[in-house]
Amino acid sequence: MVSMKREREAEVDDDDEDDEDIVAAKVGRVGRAAEDRRSRHCPYLDTINRSVLDFDFEKLCSISLSHINVYACLICGKYFQGRGLKSHAYTHSVQFTHHVFLNLHTLKFYCLPDNYEIIDSSLEDITYVLKPTFTKQHIGGLDKQGKLYRAYDGTTYLPGIVGLNNIKANDYANVVLQAFSNVPPLRNYFLEEENYMGIRRPPGDIMFLLVQRFGELMRKLWNPRNFKAHVSPHEMLQAVVLCSKKNFQITKQGDAVDFMTWFLNALHGALGGTKKKTSSITKAFQGSMRIFSKKLPHPDCTPEEKEALLVTEEYQEQMSESTFLFLTLDLPTAPLYKDEKEQLIIPQVPLFNILGKFNGITEKEYKTYKENFLKRFQLTKLPPYLVFCIKRFTKNNFFVEKNPTIVNFPITNVDLREYLTEEAQVTEKNTTYDLVANVVHDGKPTEGAYRIHVLHHGTGKWYEMQDLQVTDILPQMITLSEAYIQIWKRQESDTDTNNHTAV
């Protein structure tokens, strides 16, 4: 009850502030001149402590836990509600003699308890960190240079190659967010808020929160004027918890492929995408394939019964067309027993062997609860960015088992032409891909950790990121890891590449 009363008082105080602003607008030139002198000559600006400022967390008052009218104290970094008499920010300013506050919504600075607005160009770096903005020219040059920037804390960093906090057990989400941050057309779309702010959503639709938070995270990851060389995905992940109805959490380890599948589809829907209507997600990742499916007789049938069934229409091969956002690659079964000599040998398989699933010839049996099917696949359209999910985990009623087989793959020039239908081979000009992101799972199935390798387009160098740790890595080291998710970029001519950045 007390906190609700305080919240109401703070709201009342804010209404009073609005009235004060109206009155202030009506006063004469003399009054305004006096106000301007204080606004432009605030004596407390040197008390601001930029090293404690962190705008990555949820914008709510540390006392009332309200989102309404929240101010950041620029001396201690804490958030407080209101600035009128008896408000939490006002009380804090009197109690601790902290005088400079920033309204996290309007981006205006105020001196408390005197309650006047501060106007000073030296504060622009603070508002930029809170809300970074990118021009088309800036975005167009992101992948053409590898300039190191110095954060306020003295560390140097490459925009886009910055660590993400692991709050408790959210590294499975961090690697997926980092991977998408390094897909230029997707990144460029979200760096400009104007691209999606006009999208109409039904009243009460919370899924658009994912779009807003992902855009904010992209702008923070690529900010060339950060105060520190890492970012916390706290607000982004809170939106994930809310929008997934707690299927994905910060405190419980999740599966990166499960999260990526949900996140891609949720973003596509929130951006107004449907099965027929495209979005920035489908423009970047969507391809198509043919699926040839043949029903199999029940294993208990006699040979005569099987023979009779196989000539019926129900058991003839059916062809269907389907779109995909990623391709699942199956690993060969890992050997169960190893002799003394083979004890240290980890099984390996070439990438092209497991890509054989999509050559239109290789058949695989799929079992449902009642029926069994034999299926084969062939690609009909390749997307600008191709995502592979390497199926490392199998689940049964008792436990999750992990296949540690290493996939051998080249980093560049992977040609997928042979996996296309004959018609598609004629229409698809470019079928060669280069790796741009590689998500790795280390350790046991349920207790393991995630890390990611990403290519920085501007420098051409590879970096490994694991939560806050960022290190450069040699390309040949990437192929030795237990790859789980990979993103490949189609090689394009210069003109095509420019077209893709404007998704």
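Here are some notes on the predicted model above, point by point.

1. Let's start with the overall picture. The protein has 17 helices and 25 strands. Of its 503 residues, 48% are buried. Taking contacts between residues at least 6 apart in sequence, 68% join residues at least 24 apart.

2. Aromatic rings deserve a look next. A search of the whole structure turns up 23 aromatic pairs. One of them joins Phe-248 and Trp-262, with 5.6 Å from centre to centre and 45° between the planes, a tilted arrangement. Phe-248 belongs to the loop between helix H10 (234–243) and helix H11 (256–270), while Trp-262 is in helix H11, so to speak a link between distant parts of the chain, 14 residues apart. Both residues are buried.

3. Phe-358 sits in the loop between helix H14 (351–355) and strand E14 (364–367), and Phe-377 is in strand E15 (residues 372–381), 19 residues apart. Phe-358 and Phe-377 are both buried.

4. Which residues do ring pairs link into a cluster? The members are Tyr-172, Phe-180, Tyr-189, Phe-190, Tyr-196, Phe-208, Phe-214, Phe-248, Phe-259, Trp-262, Phe-263 and Phe-285.

5. Helix H9 (residues 208–221) and H11 have axes that come within 8 Å and cross at roughly 105°. The two helices are therefore roughly perpendicular to each other. On the H9 side, the residues in contact are Phe-208, Leu-210, Val-211 and Phe-214; they meet Trp-262, Phe-263, Ala-266, Leu-267 and Ala-270 in H11. Phe-208, Phe-214, Trp-262 and Phe-263 are also among the members of the ring cluster.

6. Charged side chains meet rings too. The charged end of Arg-187 sits over the ring of Trp-222, 4.5 Å from its centre. Lys-375 lies over the face of Tyr-366, at 5.5 Å from the ring centre.

7. Now for an open sheet of four strands, with the order E11-E10-E15-E14 and antiparallel pairing. Strand E11 (318–324) and E14 are at the edges with a single partner strand each, so one side of each has no neighbour in the sheet. From one strand to the next, the twist averages 40°. Within this sheet, strand E10 (residues 287–296) and E15 pair over nine bridges in the antiparallel sense.

8. Is strand E25 (residues 483–490) largely enclosed or left open by the rest of the structure? Eight of its eight residues are buried, so E25 is largely enclosed. Strand E16 (residues 385–391) runs antiparallel to E25 and is joined to it by five bridges. Here Phe-388 has Gln-486 in E25 as its bridge partner. Strand E21 (residues 432–442) is likewise antiparallel to E25, with seven bridges between them. In that pairing, Asp-434 stands opposite Lys-489 in E25.

Methods
Residues are numbered from 1 along each chain as its sequence is written. This is a predicted model: local features need pLDDT of at least 70, side-chain atom pairs count only at pLDDT 80 or more; totals for chains, interfaces and linings use all residues. Side-chain values use heavy atoms; hydrogens and water are left out. Rings of Phe, Tyr and Trp (its six-membered ring) pair if their centres lie within 6.5 Å; planes under 30 degrees apart count as stacked, over 60 as edge-to-face and the rest as tilted. Buried means under 20% relative accessible area, exposed over 50%, partly exposed in between (1.4 Å probe, protein chains only). A charge sits over a ring if NZ of Lys or CZ of Arg is within 6 Å of the ring centre and within 35 degrees of the ring normal. Two strands pair if DSSP finds at least two bridges between them. Axes are lines fitted to C-alpha atoms, for helices over the stretch in contact, and angles run from 0 to 180 degrees between N-to-C directions. Angles under 35 degrees count as roughly parallel, over 145 as roughly antiparallel, 65 to 115 as roughly perpendicular and the rest as oblique. Contact means heavy atoms within 4.5 Å.
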